[in-house]
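Colleague: Could you put the model up, so that we can go through it together?

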Amino acid sequence: MELFHKAKAVLLRSNHDKYLTAEEDEESVTQARNGASRNTRWTVEFLETNDYIIRLKSCYGKYLMASDMSFLLGMTGHKVIQTAGFEDSSVEWEPIREGNQVKLRTRQGNFLRANGGIPPWRNSVTHDVPNITATQDWILWDVDAVEIQLLQSPQPKPSAPSESQSSSESNQPFKSPNFGRQDQVSFLLLGCVMNWIDF
């Protein structure tokens, strides 16, 4: 998606108006209301071989990973965690636009889901395929770019002046340097003092 291509870092806001958050244990991933926290900032990396697939890195340098661990035994949904490496496709996400929001799909076809309801579901984040209408919006995320990629154009190298330029510049009348306001004031004060001494 174009937004991810432009952004160096993003905030992901869930349908519950909470932000995808990397917890301080450097493993858990939850939702939190405070979007100003550094834990809600995710750096965007694209695969070298596929610019439609992204990795998201937390403030701890860990990657957002769709694990194969069940969130709760006997229930659908698998844990989403932070991991140090990216040996396999479990840290790869495909952004799919849905109106003004995105869905993030794993290579296995699941979606990043912000859960609601009562604990332990409340504020949890899993990956799953929503199978009931009530949770369809739980896989939708608003994306806010917090740092934009700046494409810098290369600066032209200064070229050595040619002989014709040197000779034409030597014929130019001398121009005094521009004084700043403070320099002008100092210059005027110096003149007043000199006049006073002569007087």
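Modeller: Let me start with contacts, where contact means heavy atoms within 4.5 Å: among those in the protein between residues at least 6 apart in sequence, 53% join residues at least 24 apart. This is a predicted model, in which local features need pLDDT of at least 70 and side-chain atom pairs count only at pLDDT 80 or more, while totals for chains, interfaces and linings use all residues. Residues are numbered from 1 along each chain as its sequence is written, and side-chain values use heavy atoms, with hydrogens and water left out.

Colleague: OK, and how many helices and strands does the protein have?

Modeller: There are three helices and twelve strands, taken as DSSP runs numbered from the N terminus, with at least four residues of H or I for a helix and at least two of E for a strand.

Colleague: What percentage of the residues count as buried?

Modeller: Of the 199 residues, 36% do, where buried means under 20% relative accessible area, exposed means over 50% and partly exposed lies in between, using a 1.4 Å probe and protein chains only.

Colleague: Which residues does threonine 135 touch, then?

Modeller: Apart from residues up to four places away in sequence, threonine 135 touches Arg113 and Pro130.

Colleague: Switching topic, which residues touch the most other members in the largest nonpolar core?

Modeller: They are Val10, Leu20, Leu56, Leu64 and Leu112, out of 23 residues in that core; a nonpolar core is a set of buried Ala, Val, Leu, Ile, Met, Phe, Trp, Tyr and Cys residues joined through side-chain atoms within 4.5 Å. The elements that give two or more residues to this core include β2 (19-22), β5 (54-57) and β10, and β1 gives the most, with three residues. If you look at leucine 64 and leave aside its neighbours within four places in sequence, its contacts include Leu20, Leu56 and Leu112.

Colleague: And how many aromatic pairs are there?

Modeller: The whole structure has one, counting rings of Phe, Tyr and Trp (its six-membered ring) whose centres lie within 6.5 Å, with planes under 30 degrees apart called stacked, over 60 edge-to-face and the rest tilted. Phenylalanine 71 and tryptophan 121 form this tilted pair, 5.1 Å centre to centre with 45 degrees between the planes. The pair ties together parts that are 50 residues apart in sequence, because phenylalanine 71 lies in the loop between β6 (63-70) and β7 (78-83) and tryptophan 121 in the loop between β10 (111-114) and β11. Both phenylalanine 71 and tryptophan 121 are buried.

Colleague: How many salt bridges does the search find?

Modeller: It finds twelve, each being a side-chain nitrogen of Lys or Arg within 4 Å of a carboxyl oxygen of Asp or Glu. One of them joins glutamate 147 to arginine 41, with the closest N and O atoms 2.3 Å apart, and it links strand β12 with the loop between β3 (29-32) and β4, 106 residues apart.

Colleague: Are lysine 103 and glutamate 98 buried or partly exposed?

Modeller: Lysine 103 is buried at 17% relative accessible area, whereas glutamate 98 is partly exposed at 37%, and their side chains meet in a salt bridge of 3.4 Å, N to O. Elsewhere, salt bridges that share partners join Arg13, Asp17, Asp142 and Asp144 into one network.
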